[in-house]
Amino acid sequence: MSQTLLVTGAAGKLGRLVVSELIAKGGSTVIAGSRDPAKLADLAEKGARTARVDFDDEASLAAAFAGVDRVLVISTDAVGEPGQRLAQHEKAVKAAVAAGVKHIVYTSMPKPEPGSAIVFAPDHYGTEQAVKASGLAYTILRVSWYQENFLMSLPNVLASGQWFTAAGQGKVSHIARADVAKAAAAALASATSESVTYNLTSEEAFTTDEIAKIASDVFGKPIAVVHISDEQLKAGLVQHGVPEAMAGFIACFDTNTRLGGVTPPTGDFSKLTGQKPRSLKAYFETHKSDYVK
Ligand SMILES: NC(=O)c1ccc[n+]([C@@H]2O[C@H](COP(=O)([O-])OP(=O)(O)OC[C@H]3O[C@@H](n4cnc5c(N)ncnc54)[C@H](OP(=O)(O)O)[C@@H]3O)[C@@H](O)[C@H]2O)c1
């Protein structure tokens, strides 16, 4: 039986990819939801219905969630104000229950439990708890860090030839955003009513030294990895003009990695999609021009 699937945050980079995956799969009614449906014209042209979905506007949720069988709640980018993002997600869960949605899929993060060094972990952990308490069947996707996050830091590393890190020998298994979209689309379009938590990673995890070696080989530039403390990393960022709060935000990722706060590789991506995830090396190779001008 054809299901009606809603993707929130459909104008975002992940949401767009998920909607495109669902349309390509066919066999279901796909609703792309965004704060600004005008940004969804290309997805509407491909065959998606569109709806206004703003977690801060409960009336928009009641209207958009009506008649929906399964919803993918994409976590928002409101990481600045403590509590704001969790409140947004809780409203989305509440609206799903009120509308009689059968299954909720949520994009969480690795190991969000209390004790995580990641400053926004409580948003994800709190949302997971709200999803579990909702009584709806659920699929929680604990998404590892995107390979695409390297766009924020690696160009500077390549330019300077130095990579300052507090991650020590901690390892991360970065995943392609497009692979997260494939897994999310598979979870949403599935007929399962089982409640499961998946950890989405690629097949290998690397230390910063290993990532530097891969990047150096692919981009043909030398990278010296300099191991420093959390405090030194924060101070260095501040010295380079990064505001204190932002420096703490950036540095917490290294702390978390060093302390083993990221999930080791799992086969969950392949379980959901039947495919192999893109490797970090393949990502660097196919996006070389984004890194080396
Ligand atoms: N795993 C990682 O490494 C990683 C990295 C960055 C972010 N993330 C998380 O994953 C999410 C998706 O990643 P992305 O790359 O697609 O990020 P993005 O392009 O920055 O998208 C931000 C998302 O937040 C949604 N949003 C913001 N305010 C909202 C509101 N009031 N109500 C409903 N939705 C709202 C946006 O939806 P509309 O614009 O369509 O309303 C959009 O989908 C991010 O929002 C963030 O929570 C994960």
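**Exercise 1. How many residues does helix α4 have, and how far does it reach from its first C-alpha to its last?**

Before we start, two notes on the model. Residues are numbered from 1 along each chain as its sequence is written. The model is predicted: local features need pLDDT of at least 70 and side-chain atom pairs count only at pLDDT 80 or more, while totals for chains, interfaces and linings use all residues.

Step 1. Helices (H or I, at least four residues) and strands (E, at least two) are DSSP runs, numbered from the N terminus. Helix α4 covers residues 84-99 and has 16 residues.

Step 2. The expected span of a helix is 1.5 Å times one less than its number of residues.

Step 3. Now look just after α4, where Gly100 takes a positive phi of about 80°.

**Exercise 2. Find which residues of α4 are buried, and what covers them**.

Step 1. Learn the rule: a residue is buried if 20 or more other C-beta atoms lie within 10 Å of its own, exposed if 12 or fewer, and partly exposed in between, with C-beta atoms placed from the backbone.

Step 2. In α4, the buried residues are Arg85, Leu86, His89, Ala92, Val93, Ala95 and Ala96.

Step 3. Their cover includes the helices α3 (58-65) and α5 (121-133), together with the strands β4 (70-73) and β5 (103-108).

**Exercise 3. Decide for Gly83, Lys111 and Asp209: buried, partly exposed or exposed?**

Step 1. Gly83 sits in the loop between β4 and α4. Gly83 is exposed because it has 11 other C-beta atoms within 10 Å.

Step 2. Lys111 belongs to the loop between β5 and α5. With 20 other C-beta atoms within 10 Å, Lys111 is therefore buried. Check its backbone too: Lys111 is not a glycine, yet its phi is positive, about 35°. Most residues other than glycine have a negative phi.

Step 3. Asp209 lies in helix α8 (residues 208-219). It has 15 C-beta neighbours inside 10 Å, so it counts as partly exposed.

**Exercise 4. Describe the largest nonpolar core**.

Step 1. A nonpolar core is a set of buried Ala, Val, Leu, Ile, Met, Phe, Trp, Tyr and Cys residues joined through C-beta atoms within 7 Å.

Step 2. The largest core has 74 residues, and Val18, Ile104, Leu141 and Ala184 touch the most other members. Helix α7 (residues 177-189) supplies the largest share, 10 residues.

Step 3. Pick Ile104 and list its contacts (C-beta atoms, placed from the backbone, within 7 Å). Apart from neighbours within four places in sequence, its partners include Val71, Val73, Val93 and Ala96. Val131, Ser134, Leu136 and Tyr138 are also on the list.

**Exercise 5. Step back to the whole chain.**

Step 1. Count the elements: the chain has 13 helices and nine strands.

Step 2. Of its 293 residues, 43% count as buried.

Conventions. Two residues are in contact if their C-beta atoms, placed from the backbone, lie within 7 Å.
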